[in-house]
Amino acid sequence: MYIPSANRIVDKAQINSFIQSHGFATVVTHNEGTLWASHLPVLFDEASEGDGILRSHMARANEQWRHFESGPEVLCIFHGPHSYISPSSYVMQETVPTWNYAVVHVYGKARVVADSAVLRRIVTDTTTKYESHRPVPWEITLSDAALAAMLNAIVGFSVQITRIEAKFKLGQNRSQADQSGMLRDLHDSPDCGSQQLASFISEQNAIAKTEVNKND
């Protein structure tokens, strides 16, 4: 991924937090000259050493899982908020429109999960993660036989992470006045994506300010 130095994120805690918060990923493989992509909820198991492991599952009818054993590498793209940026947001408007966004690319070696108990854990962990924010979290109540039939229709997999690239293109190359104008217009926009990007930029600015204060 092309990443100008101003947009490259290397802080492990910052990257890990992003992956945990934006867990619906695009999983890309290459097989016999053809690119495949699936869009899946992906769990991230962080590690104190190394980059950690990803876990997910897909429909057994999805042929992509057959690429894992033969493919040299998979790419999991974690997408964050994004929005069109108009030059009208800037003090210096003699420029061109752009698109700002945040994204993390995670590369690794995938393996199919053969153990049904491990597959069941992937499903229950995914359910628990996304139900935990609901007022009354739903729990799996299927009988063992029904659950076994459901699990037979999917394939679980894990990805041993080998490298991570993180890019937050948030207008860091612009002047402070231009960044403030951009943030104001994103906040005021009726577009949900623009508002989400504004919130994300504000969060990142707060993190950066905290880091500066810690180092003073």
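Mentor: Before anything else, a residue counts as buried when its relative accessible area is under 20%, and as exposed when that area is over 50%. The model here is a predicted one.

Trainee: What box do the C-alpha atoms fill?

Mentor: Roughly 65 × 45 × 40 Å, taken along the principal axes.

Trainee: What share of the contacts with a separation of 6 or more is between residues 24 or more positions apart?

Mentor: Such pairs account for 73% of those contacts.

Trainee: Let's do helix 2. How far does helix 2 reach?

Mentor: Helix 2 covers residues 116-131, which is 16 residues, and spans 22 Å from its first C-alpha to its last. That is close to the 22 Å expected at 1.5 Å a residue.

Trainee: Which of its residues are buried?

Mentor: In helix 2 the buried ones are Leu119, Ile122, Val123, Thr126, Thr127 and Glu131. Seen down the axis of helix 2, they fall within an arc of 150°, so they line one face of the helix.

Trainee: Why would residues three or four places apart point the same way?

Mentor: An α-helix has 3.6 residues a turn, so residues with that spacing point the same way.

Trainee: What's on the other side of helix 2, and what covers the buried residues?

Mentor: Ala117 and Thr128 are exposed on the other side. The cover over the buried residues includes strand 2 (34-41), strand 3 (43-45), strand 4 (53-59), helix 3 (144-152) and strand 7 (154-169).

Trainee: Now helix 1. Which residues are buried there?

Mentor: Ile15, Asn16, Phe18 and Ile19 are the buried residues of helix 1. Viewed down the axis of helix 1, they fall within an arc of 160°, so they line one face of the helix. Ala13 and Ser21 are exposed on the other side of helix 1.

Trainee: Switching to pockets. How much space is in the largest pocket?

Mentor: About 600 Å³. The lining of the largest pocket has 24 residues, and those nearest its centre are Gln14, Glu203, Gln204, Asn205 and Ile207.

Trainee: Which elements give two or more residues to that lining?

Mentor: Helix 1 (12-21), helix 4 (176-188) and helix 5 (192-215) do. Helix 5 supplies the largest share, eight residues.

Trainee: How does the pocket lining divide into nonpolar, polar and charged?

Mentor: There are 11 nonpolar, 10 polar and three charged residues.

Trainee: And how many cavities of 30 Å³ or more are there?

Mentor: The structure holds one. The largest cavity contains about 40 Å³ of space, and its lining includes Thr29, His30, His67, Phe68 and Lys109. Strand 1 (24-31) and strand 6 (98-112) each give two or more residues to the lining of the largest cavity, with the largest share, three residues, coming from strand 6. By class, that lining has four nonpolar, five polar and two charged residues.

Trainee: Since you mention strand 6, is His105 buried or exposed?

Mentor: His105, which is found in strand 6, is buried, with a relative accessible area of 13%. Leaving aside neighbours within four places in sequence, His105 is in contact with Met1, Leu75, Cys76, Ile77, Arg163, Ile164 and Glu165.

Trainee: What about Gly193, buried or exposed?

Mentor: Gly193 lies in helix 5. Its relative accessibility is 19%, under the 20% cut-off, so Gly193 counts as buried.

Trainee: What does Gly193 contact, apart from neighbours within four places in sequence?

Mentor: His82 and Ser83. The C-alpha atoms of Gly193 and Pro81 are also separated by 6.4 Å, although the two residues are 112 apart along the chain.

Trainee: Last one, Glu32. What is its phi?

Mentor: Glu32 has a positive phi of about 50° although it is not a glycine. Most residues other than glycine have a negative phi.

Trainee: Where does Glu32 lie, and is it buried or exposed?

Mentor: Glu32 lies in the loop between strand 1 and strand 2. Glu32 is exposed, at a relative accessible area of 77%.

Technical notes
Residues numbered from 1 in each chain as written. Predicted model: local features only at pLDDT ≥ 70, side-chain atom pairs only at ≥ 80, totals over all residues. Heavy atoms only, no water. 1 Å grid on protein atoms, 1.4 Å probe; cavity = no way out; pocket = protein on both sides within 12 Å on 5 of 7 lines; lining within 4 Å. Points joined across faces, edges and corners; volume = space filled by probe spheres on them. Helix = DSSP H or I, 4+ residues; strand = E, 2+ residues; numbered from the N terminus. Nonpolar A, V, L, I, M, F, W, Y, C, P; charged D, E, K, R; others polar. Expected span 1.5 Å × (residues − 1). Buried < 20%, exposed > 50% of the residue type's maximum accessible area, 1.4 Å probe, protein only. Arc of directions from axis to C-beta. Contact = heavy atoms within 4.5 Å.
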